[in-house]
Amino acid sequence: MEYNMEKQHKLGKLHALERICHLLDQDSFREIGSGITNLEDAFNIKKGQFPYDGVITGYGTIDGQPVVVYAEDFTVIGGTLGKMHGFKIANAIKLAIENRCPIIGINDSGGARIQEGINALAGYGEIFYYNTMASGYIPQISIIAGNCAGGAVYSPGITDFIFVIDDISQMFVTGPKVIKSVTNEDITAEDLGGSRVHAQTSGVAHFRMPDEASCFKKVRQLIGILPPCYQNKAEQNPLNQGINYSDDVTFNEDLAHILPEHSNQSYDMHDVINGIVDPDSFIEIQEEFAKNVVVGFGKIKGITIGLICDQPNYLAGVLDCDSSDKVARLIRFCDAYDIPIITLTDVPGFMPGKDQEYKGIIRHGAKVLYAYSEATTTKINIILRKAYGGAYIAMSSKHLRADFVYAWPTAEIAVMGAEGAADILYGKQMKDMTPEEKQAFRQEKIDEYNEKFMNPQVAVMNGYVDEVIRPEATRERIYADLLICRNKQSIDRIEKKHGNIPL
């Protein structure tokens with residue numbers, strides 16, 4: 001088989017076959033369907049004109065782990081999708097489902113092949129169906145390695161993780177020319193659907209990479225930390241490392257010095273994450289989008305975990321519409337594959353304001369509540385500092401059936417901050433006071449509220465927090481909980497088809 005690789009190289013891109021070879025272990029790729037061609041005669045296109053109908057499909061390994069892969073070839077009629085092209089991709093996904101291994105798609109396509117009409121749309125429909133069948137059963141990864149327009153964007157949109165590449169990736173439902181003709185708006189393809197747009201603004205992309213080589217390397221790293229199928233837990237060897245339960249042992253002193261002295265000061269949640277997970281094991285997802293939360297995967301003594309963490313370094317770690325979506329999505333992925341969820345809580349509440357209300361903060365915030373409540377995988381929550389109001393409940397509280405909830409001594413669990421509480425509770429009493437009287441009375445009530453509520457003791461007394469733990473003991477405590485929950489089975493199950501998450 002001859003491939004027009006030079007055409008891609010002139011565009012600064014690798015050819016579809018080269019991409020597969022860069023992604024997979026050396027000499028592991030086995031092609032399937034190389035003899036399939038287009039079957040339509042229409043608009044100056046002849047039957048059998050396009051080799052392999054513009055998409056290469058097959059299977060191979062990544063670090064020995066079997067994967068199924070397909071790569072669209074832009075050098076064959078612009079990578080457009082015809083009937084057989086679509087059926088080849090659908091069959092690749094079906095093969096991955098049947099063999100319980102991840103599916104990786106490398107997308108580089110001009111969209112539906114107009115000459116094939118409804119048969120091209122039928123090809124897309126088959127892909128979407130098998131994407132949906134695979135969802136929650138095997139990991140699905142999409143690499144946008146060129147154009148991805150029209151119907152082509154919806155298959156990646158269904159998959160679990162989307163990788164985009166600077167100066168190469170473009171995704172949009174309608175391109176700049178159509179937008180110009182319909183709305184008279186001038187916009188470039190890069191500004192409409194480039195890598196930066198989808199990594200930072202739309203939230204469509206989960207990983208943005210500078211080039212193809214680093215993209216394939218990151219995909220390999222992600223495959224290495226995920227289970228290949230929901231019935232197979234990710235590789236782990238948890239029983240060969242001891243647990244030290246002694247309260248007198250210092251575990252990780254660095255964690256004891258991360259939180260600042262005053263609760264209104266910020267810090268970087270990454271420092272806490274790095275103090276808990278195995279070195280260099282953390283893979284952050286949607287790093288540039290909704291930065292008020294940090295989510296991703298890591299390992300604790302070899303056990304794969306999902307991490308959902310408020311980020312005080314950005315917007316004080318509040319939950320808004322975008323961060324709620326980001327959190328709920330990872331919860332549901334982790335639960336589908338029984339990956340334990342570790343939540344690190346430092347949240348002052350949901351974002352107030354007209355803009356958030358108009359965007360539907362009620363609906364978006366409800367997704368977090370629903371996702372945590374529905375999840376039956378192991379759920380462990382560490383309240384580091386603030387846990388206020390509805391956001392306290394939403395962030396994996398006991399009320400949503402977290403298995404273990406711990407608090408650092410610095411935890412503040414309350415309806416709201418002391419200043420706001422004092423103003424609401426005693427506003428009328430302070431109305432007729434002199435400024436000096438008001439200031440003294442208000443400070444007295446703030447101090448009283450702080451003493452009574454701004455600590456974890458009330459929550460501990462009511463069983464809403466299991467233990468107050470020292471920061472430096474956090475990693476060992478989580479590890480012990482992961483071991484005891486290895487064979488967890490939920491008993492709170494209601495027989496029904498499925499619930500209705502507030503999408």
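How many of the eight residues of helix H2 (residues 16–23) are buried?

1. Six of the eight residues of helix H2 are buried, which leaves this helix mostly covered, where buried stands for under 20% relative accessible area, exposed for over 50% and partly exposed for what lies in between, with a 1.4 Å probe and protein chains only. The buried residues of H2 are Ala-16, Leu-17, Glu-18, Arg-19, Ile-20 and Leu-23. Among the elements that cover them are helix H1 (5–10), strand E2 (55–62), strand E4 (103–109) and helix H9 (212–225), contact being heavy atoms within 4.5 Å. Helices (H or I, at least four residues) and strands (E, at least two) are DSSP runs, numbered from the N terminus.

2. This is a predicted model, in which local features need pLDDT of at least 70 and side-chain atom pairs count only at pLDDT 80 or more, while totals for chains, interfaces and linings use all residues. Residues are numbered from 1 along each chain as its sequence is written, and side-chain values use heavy atoms, with hydrogens and water left out.

3. A search of the whole structure finds four cavities of 30 Å³ or more; a cavity is a set of points, on a 1 Å grid over the protein atoms alone, where a 1.4 Å probe fits but cannot get out, and its lining residues have an atom within 4 Å of a point. Grid points are joined across faces, edges and corners, and a volume is the space filled by probe spheres set on the points.

4. The largest cavity holds about 80 Å³ of space, and its lining includes Asp-160, His-206, Gln-286, Lys-326 and Phe-333. Helix H11 (residues 321–336) gives the most to this lining, with four residues. By class, the lining has five nonpolar, two polar and three charged residues, counting Ala, Val, Leu, Ile, Met, Phe, Trp, Tyr, Cys and Pro as nonpolar, Asp, Glu, Lys and Arg as charged, and the others, Gly among them, as polar.

5. In the second largest cavity there is about 50 Å³ of space, lined by residues including Tyr-70, Glu-72, Asn-107, Tyr-124 and Ser-155. Strand E3 (65–72) and helix H4 (118–134) each supply at least two residues of that lining, which divides into six nonpolar, two polar and one charged.

6. The search finds zero disulfides, a disulfide being a pair of cysteine sulfur atoms within 2.5 Å. Cys-309 is in no disulfide, as the nearest cysteine sulfur, that of Cys-334, is 11 Å away. The sulfur of Cys-229 is 9.1 Å from the closest cysteine sulfur, in Cys-101, and therefore too far for a bond. Cys-229 is buried, with a relative accessible area of 0%.

Methods: On a 1 Å grid over the protein atoms alone, a cavity is a set of points where a 1.4 Å probe fits but cannot get out, and a pocket is an open set with protein on both sides within 12 Å along at least five of seven lines; lining residues have an atom within 4 Å of a point.
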